[in-house]
Structure formats: C-alpha cells, structure tokens
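Biologist: Before we look at any single feature, could you take me through this model slowly, giving the general idea each time and then the case at hand?

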Amino acid sequence: KKTDIGLIGLAVMGENLALNMESKNWQVSVYNRTVPGVEEGVVDRFVNGRAKGKNIQGFTDIKDFVASIEAPRKIMMMVRAGSAVDELMEQLFPLLSPGDILIDGGNSNYEDTNRRVELTESKGFFFVGSGVSGGEEGALNGASIMPGGSAAAWPHVKPILQSIAAKASDGTPCCEWVGPAGSGHFVKMIHNGIEYGDMQLIGEAYWVMKKLLSLNNEEMSSIFANWNEGKLRSYLIEITANILKHKDKAGGYLVDKILDAAGQKGTGKWSVINAMELGMPLGLIATAVFERSLSAQKGLRETAAKAYQHGHLQAVYNKPELVKDIYSALYASKLVSYAQGFAVLKKASDTFGWNLNLPSIARMWRGGCIIRSAFLNDIAAAFEAVDKPEHLLLAPYFKEEMKKLLPGWKNLVAQSMREELPVPAFSSALNYFFSMVSDRLPANLVQAQRDYFGAHTFERVDNLRGVFFHENWTGHGGDTKSGTYNV
Ligand code: NBP
C-alpha cells in the first residue's frame with residue numbers, strides 16, 4: 001500500500017515531523033540524500049532508531065521514495081533553506097505526476113517561494129511554502145504551521161498539516177491557509193521578527209531588575225512566573241522564569257555564566273529589510289536585531305566601557321513600584337511591536353494582493369510557536385471587531401491598555417536613561433508611540449532641507465495634498481525640480 005505523505009530531510013525538524021505525522025495515523029515515506037563525505041546512513045539510523053516499529057518507510061533512492069507515495073503526492077521538504085530546496089525540486093520534477101504537491105516547510109525567503117510557486121505550477125504541479133514554528137518540540141508534538149502558495153493544494157494537505165499542528169486553548173489547530181505565493185513564508189518571517197522583539201524586551205526587563213533593583217535570580221524568576229499568570233502569559237515569559245533559576249552541574253546559575261553576545265540566523269534581519277522595502281516602520285524589531293549585533297561586538301564594548309567609565313546613580317527604589325513600571329514598559333512595548341508587525345503584514349497584503357486574514361494569523365500563533373501567548377487572543381478579537389481598527393493601537397481595548405501603561409512606561413525609560421542603563425527597545429517603542437500620536441512632526445523641516453539641497457519638492461499645509469512646490473531658497477538656484485522617488 002502506498003503512503004499518505006513523503007518527507008525529505010531527516011535533520012532535527014524532519015525526523016520529528018515524520019514521527020508527529022505517524023502518531024496521527026498517517027503513513028509516511030522518508031528520504032534523506034546520501035552524499036559521500038556528508039553523514040551517511042541517516043535514513044537507516046532513523047528507520048532503525050526512533051522510527052523502529054512505526055508506520056514509516058525509509059528510502060535512500062529518491063525515485064523509489066516518490067513512487068511509494070499515493071497520488072496526488074504530497075512531499076514535504078525539511079532541508080536547509082536556500083539552494084538545497086532548488087536542487088531538490090530539480091531532482092523531483094521529472095519524477096512527479098500532474099497535480100502532485102511539494103511543500104517547503106523550511107525557513108525559506110518568501111521571494112524564493114514566490115518564484116518556486118510559479119515554477120512548480122508552470123510544470124503542472126502545486127507548491128506550498130509553509131512556515132513551521134516551534135522548533136524540535138513543536139515539530140514532534142504540535143507546531144504552528146503557516147502554509148501559503150498554490151490554493152488548489154490546500155484541501156489535500158489540510159488534514160495532514162492540521163493534524164500535526166498545535167491546538168490552541170479552544171481546540172482550533174494552529175494552522176490555516178495564509179494566502180497565495182510566498183505569503184506563508186512572509187508571515188513566518190514576521191513571526192520570527194516579533195520573536196526577536198519579544199526576546200529583547202524580556203532581556204531589558206531582566207536587566208532593569210538586575211541592575212537597578214539588584215534582584216537575585218530567584219526573585220527575578222518568581223516575578224516572571226507571576227507575570228506568566230496574567231496578561232503577559234506566554235511561552236517566552238515562562239521559559240525566562242525557568243532559565244533564571246536554572247543551576248548547572250557545578251551548582252551556579254547558568255545564565256550568569258553565558259557570554260552576552262547574541263547570535264542570529266537572519267529572519268529578524270529579513271523582516272526589517274522587507275519592512276523598509278515596503279516603507280513601513282518596524283523600529284522595535286530593527287532595534288532588537290541591531291542590539292544582537294552590538295552585543296556581539298563584545299571586545300569593542302569592553303574597550304568602550306573602560307574608556308567612558310559610565311556608572312549608575314545608586315538610587316534607592318521602591319522595588320514593587322519599579323517592578324510595576326517594568327511590567328508596564330514590557331507590556332506596552334510588546335503591544336507596539338505587534339502593532340508594527342501586523343501593520344507590515346497589512347501593507348504586504350495590500351501591496352502584493354494577498355488578502356491576508358490578520359485575525360486568523362493571530363490565532364495561528366496562539367499555540368505551538370515561540371511567540372505563543374494569551375495576548376494573541378486579544379489581538380485576534382481586536383482585528384475581528386465590527387469597526388476594524390486601522391492600526392492595532394487604535395483598537396478600543398488596546399487604547400485603554402496603553403493609557404493605563406503609559407505613566408509607568410515613561411517613568412521606567414526616563415529613569416533608565418538617568419541611570420545610563422540601556423533600554424533601547426523600551427525607548428524605541430515609546431518614541432514610536434509618541435510619534436504616532438503626534439499630528440505634527442518635524443518632517444516639515446526635513447522636507448525643506450531636501451528641497452533646499454536637492455530640489456526634492458514639498459507639499460504645503462495650506463494647499464491641496466498632492467501638489468508639489470519647489471522654492472528657490474538661496475536666490476541663485478534654478479526652478480528645476482528633482483524627479484520624485486518616494487518610498
Ligand atoms: P538543517 O537546516 O540543518 O538542514 C539539514 C537537512 O537539509 C539535512 O537533512 C540535510 O541533508 C539536508 N540538505 C542540505 Br544541508 N543540503 C541538501 C541538498 N542540497 N539536497 C538535499 N538535502 C539537503 O535542518 P533543520 O534544523 O531540521 O531545519 C530544516 C528546515 O526547517 C530549515 O529550513 C530550517 O530553517 C527550518 N526550521 C528549523 C527550526 C529549528 O528549530 N531547527 C525551526 C523552524 C524551522 P544531510 O543530512 O545529507 O546533510
């Protein structure tokens with residue numbers, strides 16, 4: 001009997017997804033390339049190891065693998081993003097039949113997915129580019145899965161993908177059709193960007209507690225555990241509580257022994273680049289990405305720390321009061337970050353004609369993935385309201401929340417600045433917020449400067465929008481205007 005689905009790439013994600021599928025009663029074919037010099041025997045190791053006795057058939061020949069799958073074939077690729085996916089597709093195309101479906105579950109760039117959907121469809125097959133979040137644990141026990149691409153493929157892959165997805169607290173699978181082309185991977189990219197933002201914000205909350213309040217790890221851990229019972233309830237807050245109190249074999253707190261130089265794999269950076277391409281502010285995630293880069297310049301920071309000898313005020317704080325302010329800063333900044341992220345999704349949807357369903361995306365992220373949180377329910381509800389908010393921070397519920405959080409947030413940022421303690425994401429969010437609620441900004445001067453040195457023209461407050469003026473500022477400039485090339 002032929003199998004229900006094929007899976008290519010038996011690294012950590014592929015193995016666990018195959019086991020997850022099998023546990024939901026799907027028959028699975030698995031394949032991994034065998035290349036001399038690269039680890040060999042990957043398929044045998046899996047089939048005779050973790051997959052032993054299970055409904056999983058292993059193949060080392062890609063032809064046999066494809067032939068073993070029931071038509072229309074569903075073949076999920078879990079290989080390294082980039083050229084590996086293209087190489088595999090080229091190997092698969094001659095072996096497929098019309099109507100077969102390729103699913104790329106890796107962290108591919110959405111523009112690659114745009115291209116791959118078109119190419120695959122031109123050959124009479126279908127292509128699904130799907131973000132999969134949740135790491136190893138999610139892959140095995142339920143991930144957040146964000147599929148997009150060939151819509152005709154969805155009814156075929158839906159039962160399998162939804163069965164292996166995490167279930168939100170109300171039982172709905174964290175997997176829904178996202179939209180056409182590379183939209184699934186775009187949504188996954190923004191998810192990862194938001195993850196960068198959340199992690200930086202939690203890092204700043206921890207740092208203020210440690211540096212200004214001198215709280216010990218157990219105290220900080222219990223504050224995060226406490227926050228995890230309320231509106232900030234989320235996976236990242238939960239693991240932070242666990243990390244802070246975790247002791248290594250030598251008996252000390254491990255977090256205190258970890259070098260403060262953060263790594264990154266690129267999806268945060270992609271989010272920012274694409275937001276810039278769309279002309280959208282995504283400052284909080286950009287700050288988080290840049291802070292990782294700055295953290296990695298450890299040597300420079302050590303030299304600069306010696307050169308400037310900056311220090312703290314040693315002020316005396318009312319600890320419970322300042323902890324409340326940290327909470328306000330964390331919650332409000334997180335709101336700004338999600339508002340920025342969803343605004344980018346909306347803009348991408350309008351620009352590329354994807355018709356993204358924002359509440360559905362918020363609901364998909366409630367389980368399985370790294371940014372899963374209670375608060376995504378509130379976001380879905382806000383976007384579903386009859387009067388759809390133009391921006392998340394204009395939703396009535398969040399407007400009230402922001403008003404309550406603002407005093408503590410402001411105080412925390414101002415006090416951290418006086419203390420010379422960096423809180424770049426808290427302050428980036430606060431500055432974004434103040435800019436957003438300002439009906440006038442100094443951009444009039446920027447426009448004047450642009451026109452002064454480059455004849456870039458400007459609109460006037462007292463004239464119809466869309467009419468562009470140029471001033472001969474110096475008396476000796478000409479009247480020639482520059483062409484407009486607005487982003
Ligand atoms: P890796 O990203 O490390 O990819 C390793 C797999 O790709 C192996 O099976 C490897 O085969 C295969 N592969 C490579 Br490399 N080049 C190939 C080629 N030219 N042709 C065929 N196969 C090739 O594995 P992973 O960490 O399991 O991630 C898989 C995908 O899922 C990636 O896109 C990743 O970004 C994404 N993802 C990962 C996580 C996570 O937590 N790790 C979470 C979410 C998404 P080999 O054994 O012969 O080298």
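**Reading helix packing, domains and a ligand shell**

Modeller: Helix α14 (residues 319-352) packs against helix α18 (residues 424-436) at an angle of about 60°, and their axes are 9 Å apart. Helices here are DSSP runs of H or I with at least four residues, strands are runs of E with at least two, and both are numbered from the N terminus. This is a predicted model, in which local features need pLDDT of at least 70 and side-chain atom pairs count only at pLDDT 80 or more, while totals for chains, interfaces and linings use all residues. Residues are numbered from 1 along each chain as its sequence is written.

Biologist: How is the angle between α14 and α18 to be read, and what is the handedness of their crossing?

Modeller: Axes are lines fitted to C-alpha atoms, for helices over the stretch in contact, and angles run from 0 to 180 degrees between N-to-C directions. Angles under 35 degrees count as roughly parallel, over 145 as roughly antiparallel, 65 to 115 as roughly perpendicular and the rest as oblique. The helices α14 and α18 are therefore oblique to each other. As for handedness, a crossing is left-handed if the near helix is turned anticlockwise from the far one by less than a right angle, and right-handed if clockwise; α14 passes α18 in a left-handed crossing.

Biologist: At what angle does α14 pack with helix α17?

Modeller: The angle between α14 and helix α17 (residues 396-418) is about 125°, with the axes 7 Å apart. These two helices are therefore oblique as well, and the crossing of α14 and α17 is left-handed.

Biologist: And how do α8 and α12 pack?

Modeller: Helix α8 (residues 183-211) meets helix α12 (residues 283-296) at an angle of about 70°, their axes being 8 Å apart. That makes α8 roughly perpendicular to α12, and their crossing is left-handed.

Biologist: Which domains does the assignment give for the protein chain?

Modeller: Domain bounds come from an automatic or database domain assignment, and here they give domain 1 (5-181), domain 2 (188-436) and domain 3 (442-487). Taken over C-alpha atoms, the centres of domain 1 and domain 3 are separated by 53 Å.

Biologist: Which residues are the closest to the ligand, and which elements supply its shell?

Modeller: A residue counts as near a molecule if its C-beta atom, placed from the backbone, lies within 6 Å of it. On that basis 25 residues surround the ligand, the closest being A11, M13, V79, G106 and N107. At least two residues of the shell come from each of α1 (12-23), α4 (83-92), β6 (126-133) and α6 (135-141).

Biologist: Where does the backbone call for a second look, for instance at P72 and N25?

Modeller: The peptide bond from A71 to P72 is cis, with omega near -10°, and P72 is placed in the loop between α3 (62-67) and β4 (74-77). N25, in the loop between α1 and β2 (28-31), has phi near 70°, a positive value in a residue other than glycine.
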